[in-house]
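Welcome! Please keep the sequence and the 3D view open as you read.

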Amino acid sequence: MNFRKMLKIQSGLDNYIGQSKNIDMEQYKTERIIALQVEFNELLNELPFLFKYWSNKGMNRKAALEEYVDGLHFILSIGNDLGIENYHYTEPSVHDMRKLVLGLNNMISRLNGGSYKELVDHFILFGEKLGFSLEEIESAYMEKNRTNYRRQEAGY
């Protein structure tokens with residue numbers, strides 16, 4: 001996964017949204033963190049096996065990947081807000097998916113420059129544990145990025 005490339009692509013989308021909507025994106029950093037929280041929890045809704053102990057419902061892989069990538073868009077946008085230019089993945093030592101979920105929610109809520117790498121490492125590990133390859137994540141991100149441009153052009 002080419003994180004640097006995706007940061008630049010996300011910057012392009014954010015700039016396009018800001019210019020086309022006449023929005024000063026600097027004023028909406030907190031909202032991007034809230035949006036990441038929302039998207040991460042929408043992802044969790046596609047993963048009932050993690051918390052609906054009373055249900056036998058499994059993961060809808062396609063929907064989960066789409067929600068995962070929605071969260072990645074905001075992670076990249078926040079990285080741009082923080083001036084992140086490069087990133088190198090270090091696999092965290094967390095193996096329990098439920099602890100990973102709680103940790104990610106905690107990291108998102110206390111997000112700042114110092115915890116950004118930790119958040120991204122855990123988010124990538126979470127995607128891998130869901131069975132998404134790095135190549136698959138990047139490809140889905142690129143497709144969703146195109147969709148986001150089309151939505152903006154259509155007045156979303």
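This is a predicted model: local features need pLDDT of at least 70, side-chain atom pairs count only at pLDDT 80 or more; totals for chains, interfaces and linings use all residues.

Residues are numbered from 1 along each chain as its sequence is written, and side-chain values use heavy atoms, with hydrogens and water left out. Helices here are DSSP runs (H or I, at least four residues), numbered from the N terminus.

**How the helices pack**

- Two packed helices are described by the angle between their axes and the distance between the axes. Axes are lines fitted to C-alpha atoms, for helices over the stretch in contact, and angles run from 0 to 180 degrees between N-to-C directions. Angles under 35 degrees count as roughly parallel, over 145 as roughly antiparallel, 65 to 115 as roughly perpendicular and the rest as oblique.
- Helix 2 (residues 29–45) packs with helix 4 at an angle of about 165°, and their axes are 9 Å apart. That angle makes helix 2 roughly antiparallel to helix 4.
- The crossing of helix 2 and helix 4 is left-handed, a term for a near helix turned anticlockwise from the far one by less than a right angle (clockwise would be right-handed).
- On the helix 2 side, Ile33, Leu36, Gln37, Phe40, Asn41 and Leu44 meet Val101, Leu104, Asn105, Ile108 and Ser109 of helix 4; contact means heavy atoms within 4.5 Å. By class, the residues of this contact are seven nonpolar, four polar and no charged. Ala, Val, Leu, Ile, Met, Phe, Trp, Tyr, Cys and Pro count as nonpolar, Asp, Glu, Lys and Arg as charged, and the others, Gly among them, as polar.
- Helix 1 and helix 3 have axes 9 Å apart and pack at an angle of about 85°, so they are roughly perpendicular to each other. Their contact joins Phe3, Met6, Leu7, Gln10, Ser11, Leu13 and Asp14 of helix 1 to Leu72, His73, Leu76, Ser77, Gly79 and Asn80 of helix 3. It has six nonpolar, six polar and one charged residue.
- Helix 3 also crosses helix 6, at roughly 75°, with axes that come within 9 Å. This pair is roughly perpendicular as well. Among the residues in the contact are Leu65, Tyr68 and Leu72 of helix 3 and Ile137, Ala140 and Tyr141 of helix 6. The contact has eight nonpolar, three polar and five charged residues.

- The expected span is 1.5 Å times one less than the number of residues.
- Helix 5 is mostly covered, with 10 of its 14 residues buried. Buried means under 20% relative accessible area, exposed over 50%, and partly exposed in between (1.4 Å probe, protein chains only).
- What covers the buried residues of helix 5? The cover includes helix 1, helix 2, helix 3, helix 4 and helix 6.
- After helix 5 comes Gly131, with a positive phi near 95°.
- Helix 6 (residues 134–153) has 20 residues and reaches 29 Å from its first C-alpha to its last, close to the expected 28 Å. Its buried residues, including Ile137, Tyr141 and Met142, pack against helix 1 (3–20) and helix 3 (61–81).
- Helix 6 is followed by Gly155, whose phi is positive, near 90°.

**Residues to look up**

- Leu13 is in helix 1 and is buried, with a relative accessible area of 3%. Leaving aside neighbours within four places in sequence, Leu13 is in contact with His73, Asn145, Asn148 and Tyr149.
- Lys99 sits in helix 4 (residues 97–109). Buried or exposed? At 61% relative accessibility, Lys99 counts as exposed.
- Asn22 lies in the loop between helix 1 and helix 2. Asn22 is exposed at 73% relative accessible area, and its phi is near 55°, a positive value in a residue other than glycine.
- Ser93 belongs to the loop between helix 3 and helix 4 and is exposed, at 65% relative accessible area. Ser93 and His122 are 29 residues apart in sequence, and their C-alpha atoms are 9.2 Å apart in space.

Note on methods: Helices (H or I, at least four residues) and strands (E, at least two) are DSSP runs, numbered from the N terminus.
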